Amino acid sequence: MQRTGYPEMSRVSGPQTTATDLSPSQGVEQEFAERLSSFGVETPLALGVSGGGDSVALMHLAAAWAKATGIDPASIFVLTVDHGLRPEAAEEVAQVGAWARGLGFSQ
């Protein structure tokens with residue numbers, strides 16, 4: 001949804017999209033893979049995952065990309081930090097670790 005007076009922005013070059021532009025049935029995973037390819041991304045690869053929705057989605061897209069391209073997910077490293085600023089931070093780090101291990105990533 002675009003608010004009046006604010007231009008639509010994208011962090012990557014190429015066609016500008018919003019969260020509602022693509023659904024899984026329209027190829028979000030394919031779009032992600034194509035953009036990684038356009039950047040020349042290779043492994044080993046490191047992902048910063050905070051445990052929030054955006055970074056968890058990134059982790060799952062990277063898992064789908066690895067599977068589709070035959071890349072060993074163990075060549076992708078998931079990094080997260082217990083900053084100690086909130087009591088639940090350690091629990092969030094543990095959860096990210098469990099999700100990453102479940103996807104076959106290294107930590």
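Predicted model: local features only at pLDDT ≥ 70, side-chain atom pairs only at ≥ 80, totals over all residues.

Trainee: Which residues of the largest nonpolar core touch the most other members?

Mentor: The general idea is that in soluble globular proteins, nonpolar side chains tend to be buried together. Here the largest nonpolar core has 17 residues, and Leu-47, Val-49, Met-59, Trp-65, Ile-76, Val-78 and Phe-105 touch the most other members. Helix 2 (53-69) is among the elements that supply at least two residues each, and its seven make up the largest share. Take Ile-76: leaving aside neighbours within four places in sequence, its contacts include Leu-47, Trp-65 and Phe-105.

Trainee: How do helix 1 and helix 2 cross?

Mentor: Their axes come within 9 Å and cross at roughly 80°, so helix 1 is roughly perpendicular to helix 2. The residues of this contact divide into nine nonpolar, no polar and one charged. On the helix 1 side you'll find Val-28, Glu-29, Phe-32, Ala-33 and Leu-36.

Trainee: And how many salt bridges are there?

Mentor: Side chains of opposite charge can pair when their charged atoms come close. In this model the count comes to three. Arg-35 pairs with Glu-31, with the closest N and O atoms 2.7 Å apart. Arg-35 is buried at 16% relative accessible area, whereas Glu-31 is partly exposed at 25%.

Key: Residues numbered from 1 in each chain as written. Heavy atoms only, no water. Core = buried A, V, L, I, M, F, W, Y, C linked by side-chain atoms within 4.5 Å. Buried < 20%, exposed > 50% of the residue type's maximum accessible area, 1.4 Å probe, protein only. Helix = DSSP H or I, 4+ residues; strand = E, 2+ residues; numbered from the N terminus. Contact = heavy atoms within 4.5 Å. Axes fitted to C-alpha atoms, helices over the stretch in contact; angles between N-to-C directions. Parallel < 35°, antiparallel > 145°, perpendicular 65-115°, else oblique. Nonpolar A, V, L, I, M, F, W, Y, C, P; charged D, E, K, R; others polar. Salt bridge = Lys/Arg side-chain N within 4 Å of Asp/Glu carboxyl O.
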